[in-house]
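Okay, thanks for coming, everyone. Let me put the model up and we'll walk through it.

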Amino acid sequence: MNRKKRILVTGAGGFIGHHLVKQLKADGHWVRGVDIKSPEYEASDADEFDRLDLRRFDNALLATRGGVHEVYNLAADMGGIGYITSFHADIARNNTLINVNMLEASRQNCIGRFLFSSSACVYAQGKQQDADVTPLREEDAYPADPEPGYGWEKLFAEQMCKYYSGDYGVSTRVVRFHNVYGPLGTYDGGKEKAPAAICRKVALASDRGEIEVWGDGLQTRSFMYVSDCVEGLIRLMASEFSEPLNLGTDELVSIDGLVDMVCGIAGKKLTKVHNVKGPQGVRGRNSDNTLLRKVLGWEPGIMLNQGLVVTYRWIEGDLKSQENGITAHTSSGSAVAA
């Protein structure tokens with residue numbers, strides 16, 4: 001794990017990719033970041049950062065040039081539940097093009113290892129109909145009934161990794177993310193995830209005011225802090241495990257419970273107004289980490305109430321800096337330790 005490598009991170013302008021680049025550089029590797037956009041809140045630490053549209057195969061070839069040893073393919077058209085339930089065709093088309101191009105370009109440029117970032121959205125919807133959900137094991141993706149659009153294209157790309165491994169000998173890794181959150185992530189504009197959206201709403205609300213919550217608030221999820229996510233990615237890449245693997249926590253919380261946590265951090269008392277017509281996804285989703293512990297000898301350790309403190313304070317501070325006409329995006333989120 002300590003050998004210095006040339007590493008490509010696609011999606012390096014996004015939330016997880018940006019944090020991953022920072023850690024890989026801290027570990028002493030040479031890193032090329034690629035994305036269609038630059039990081040939103042601070043400059044990338046990458047040795048090279050190329051603005052490329054990976055839906056074009058020539059750009060995928062360019063991204064994988066120059067003796068790259070490993071590819072973390074995090075590039076994707078994605079967002080929160082409101083976004084992924086509204087743009088099935090765009091998401092499925094864009095991500096399928098990116099993933100197929102990156103696999104083929106990695107094959108042609110003889111990449112040593114290729115990690116694909118999948119999602120818990122691949123899991124069968126019929127197994128997620130109860131708020132007190134049974135944690136999802138990797139085999140629960142079949143028989144297939146994933147989230148429309150986003151979930152289907154992720155499941156297809158997992159199969160493509162398997163085919164490229166079997167037919168061409170490409171060494172692939174597949175990680176299934178379960179709801180990642182933390183500082184330096186999008187918190188408005190429609191693509192934000194639930195923790196960021198709730199932090200924003202609480203920060204903007206007046207004490208004793210109201211907060212809109214999509215659904216009845218009883219739907220459940222687990223949430224993983226971004227530094228745990230990055231450590232899991234690096235550990236999986238270094239492993240010899242090639243089958244899909246969950247990466248998340250098994251700390252189940254209701255959306256109402258998540259709101260209460262953030263209100264407690266903010267020191268505010270807010271009345272929840274439930275919008276039952278708002279998009280809310282499956283009723284419950286949680287990660288079974290049995291295989292993760294077996295394969296990596298590790299699992300995420302940052303509790304939700306720890307990670308939310310850093311996340312809320314960063315979003316609150318960023319909102320205040322915008323009010324004052326100041327750009328002060330400086331937090332790396334390193335204040336939370338496992």
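I'll talk about the cores and then the cavity.

Quick caveats: this is a predicted model, so local features need pLDDT of at least 70, side-chain atom pairs count only at pLDDT 80 or more, and totals for chains, interfaces and linings use all residues. Numbering runs from 1 along each chain as its sequence is written, and side-chain values use heavy atoms, with hydrogens and water left out.

So, the cores. By nonpolar core I mean buried Ala, Val, Leu, Ile, Met, Phe, Trp, Tyr and Cys residues joined through side-chain atoms within 4.5 Å, where buried is under 20% relative accessible area with a 1.4 Å probe, protein chains only. The largest one has 60 residues, and Val9, Leu20, Tyr72, Phe177, Leu233 and Leu247 touch the most other members. Apart from that core lies another, of 22 residues, including Val71, Ala157 and Met160.

Now the cavity, meaning a set of points on a 1 Å grid over the protein atoms alone where a 1.4 Å probe fits but cannot get out; lining residues have an atom within 4 Å of a point.

Who lines the largest cavity? Asn95, Thr96, Asn99, Val100, Leu103, Glu153, Phe156, Ala157 and Met160. The largest share, 5 residues, comes from α4, with helices being DSSP runs of H or I, at least four residues, numbered from the N terminus.

Notes. Buried means under 20% relative accessible area, exposed over 50%, partly exposed in between (1.4 Å probe, protein chains only). On a 1 Å grid over the protein atoms alone, a cavity is a set of points where a 1.4 Å probe fits but cannot get out, and a pocket is an open set with protein on both sides within 12 Å along at least five of seven lines; lining residues have an atom within 4 Å of a point. Helices (H or I, at least four residues) and strands (E, at least two) are DSSP runs, numbered from the N terminus.
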